[in-house]
Amino acid sequence: MTKDQLKLRSMIVTALFAAIIGVMAQITIPLPLVPITGQTLAIGLAATILGARYGTLSVILYLVIGSAGVPVFAEFSGGISKLVGPTGGYLVGFIPAAFIIGWYLEKTSFSFKNAMIANTIGMLVTLAFGTAWLKIAADLTWTGAIAGGATPFIIVGLIKAALASWIGIIVRKRLQSANLLFPAKGTKNETV
């Protein structure tokens, strides 16, 4: 495969995962301050399957598309107002979360155990960004922000981390065996 073909494949896969994040964002369970969505599961899948660079790029592309007004955010919403509103911290937090998940897996190995550790850390990063932003944007106390923006999502976040780890490692392995996925930069041995 030539360098141009690899670059084209990377761009297509990145765009595909941005679209997957947008579709999974529409799976929502409404809660008073912040809904539970499929976005975080999709972020974990993108980073687990694609690694740090392309997983993060897919998240950035998703956020750019949504900020431009395309209704890809939760509940078919879009626009820059979502990034600066009360739930904007979660959206912004997806960027470091995806990078950390992919980076951790690249530095260790793409195994379920390491993916679970990485996705749990990613979930905590997203919750930290989201809770801090919610506190400021909604003018809440830290107790109120944590109670409304973090606590309700920990159990669900761990379930999503497990799903992203399990599904992500299986899909990554299958895509690589079909030569449809490029190895992540600096990747160690990959095991399931």
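This is a predicted model: local features need pLDDT of at least 70, side-chain atom pairs count only at pLDDT 80 or more; totals for chains, interfaces and linings use all residues.
1. Where does Gln39 lie? Gln39 belongs to helix H2, which covers residues 39-67. The side chain of Gln39 has a polar contact with the side chain of Tyr62, at 2.4 Å.

2. With neighbours within four places in sequence set aside, Gln39 is in contact with Ile21, Met24, Ala25, Tyr62, Phe73, Ala74, Leu91 and Phe94.

3. Now to helix H2 as a whole. Helix H1, made of residues 3-24, packs with H2 at an angle of about 145°, and the two axes are 9 Å apart. The crossing of these helices, H1 and H2, is left-handed. Sorted by class, the H1 contact with H2 has 19 nonpolar residues, five polar ones and no charged ones.

4. Helix H4 (residues 88-107) and helix H5 (residues 112-137) have axes that come within 8 Å and cross at roughly 160°. H4 is therefore roughly antiparallel to H5, since angles over 145 degrees are counted that way.

5. Which hand does the crossing of H4 and H5 have? The crossing of H4 and H5 is right-handed. In the contact of H4 with H5 there are 18 nonpolar and nine polar residues, with no charged residues.

Notes:
Residues are numbered from 1 along each chain as its sequence is written. Side-chain values use heavy atoms; hydrogens and water are left out. Axes are lines fitted to C-alpha atoms, for helices over the stretch in contact, and angles run from 0 to 180 degrees between N-to-C directions. Helices (H or I, at least four residues) and strands (E, at least two) are DSSP runs, numbered from the N terminus. Angles under 35 degrees count as roughly parallel, over 145 as roughly antiparallel, 65 to 115 as roughly perpendicular and the rest as oblique. A crossing is left-handed if the near helix is turned anticlockwise from the far one by less than a right angle, and right-handed if clockwise. Ala, Val, Leu, Ile, Met, Phe, Trp, Tyr, Cys and Pro count as nonpolar, Asp, Glu, Lys and Arg as charged, and the others, Gly among them, as polar. A polar contact is a pair of N or O atoms within 3.5 Å; within protein, one must be able to donate a hydrogen and the other to accept it, and residues adjacent in sequence count only if both atoms are side-chain atoms. Contact means heavy atoms within 4.5 Å.
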